[in-house]
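Here's a quick tour of the fold, from the whole chain down to a single residue. Have the model open alongside.

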Amino acid sequence: MLLHQRYMYHISQKEMGGTQMGLIAISSMVFLGGMYLMIAFAWWLLQIIANWRIFTKAGEAGWKSIIPIYGDYISYKIAWQPAYFWLTLVLGIVSSCLQGTLETNDSLMISMIIVLIKIILAIISIMYSVKLARAFGRGTGFAIGLIFLPPIFMLILGFGDDRYYGADK
């Protein structure tokens, strides 16, 4: 009986060690996840503030930048022309609808139309970045930065001392 008790005590100590390691692993993952969420939230908040400042530099109310579709409309108005916003909105909706039909029907024609729409949207996005850079007196290098690293270059536009020169038509 004494041998059996010692064996059970030995097993429970091993299980306890594994449980403690599991708790340590879980708590460290929760800690790291929490740190990631705090950093992501701070980054998101910086982006909102930068967009707010870009809007106010352009003479628009800053609160307009936080309203999802309206903020994009005003952003196109600041950089270029609102007509291109409507074009991107309609093309995005058409592309999404066509992709939905593609799931039920494998059509080469629909696939090609979707690819063409996405190419057009990419070109408009590149042109928007160039126009936004020009609207604030920046050149092609800054536009390339807006294309490849938009969050960082939007922070530079928002917190920098660039002034707004008007939409580049």
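How much accessible surface does the protein chain have, and what share of it belongs to carbon and sulfur atoms? The accessible surface comes to about 11400 Å², and 72% of it belongs to carbon and sulfur atoms; areas come from the Shrake-Rupley method with a 1.4 Å probe, and for residues only the protein chains shown count as cover.

## Ground rules

This is a predicted model, in which local features need pLDDT of at least 70 and side-chain atom pairs count only at pLDDT 80 or more, while totals for chains, interfaces and linings use all residues. Residues are numbered from 1 along each chain as its sequence is written, and side-chain values use heavy atoms, with hydrogens and water left out.

## The chain overall

Of the 169 residues, 26% are buried, which means under 20% relative accessible area with a 1.4 Å probe, protein chains only. Among contacts (heavy atoms within 4.5 Å) with a separation of 6 or more, 52% join residues 24 or more positions apart.

## Helix 3 against helix 4

Helix 3 (residues 82-104) packs on helix 4 (residues 108-135) at an angle of about 155°, with the axes 10 Å apart. Axes are lines fitted to C-alpha atoms, for helices over the stretch in contact, and angles run from 0 to 180 degrees between N-to-C directions. Helix 3 and helix 4 are therefore roughly antiparallel, a label for angles over 145 degrees.

On the helix 3 side the contact includes Leu87, Leu91, Val94 and Leu98, and on the helix 4 side it includes Ile110, Ile114, Ile117 and Leu121. By class, this contact has twelve nonpolar, six polar and one charged residues. Ala, Val, Leu, Ile, Met, Phe, Trp, Tyr, Cys and Pro count as nonpolar, Asp, Glu, Lys and Arg as charged, and the others, Gly among them, as polar.

## Helix 2 against helix 4

Helix 2 (residues 68-79) also packs on helix 4, at about 60° with the axes 8 Å apart. That makes helix 2 oblique to helix 4, the class left over after under 35 (roughly parallel), over 145 (roughly antiparallel) and 65 to 115 degrees (roughly perpendicular).

Ser75, Tyr76, Ile78 and Ala79 in helix 2 touch Ile124, Tyr128, Lys131, Leu132 and Ala135 in helix 4.

## Ser129

Ser129 sits in helix 4 and counts as buried, because its relative accessibility is 8%. Beyond its neighbours within four places in sequence, Ser129 contacts Ala143, Leu146 and Ile147. Leu146 is 17 residues from Ser129 in sequence and 5.8 Å away in space, C-alpha to C-alpha.

Technical notes: Buried < 20%, exposed > 50% of the residue type's maximum accessible area, 1.4 Å probe, protein only. Helix = DSSP H or I, 4+ residues; strand = E, 2+ residues; numbered from the N terminus.
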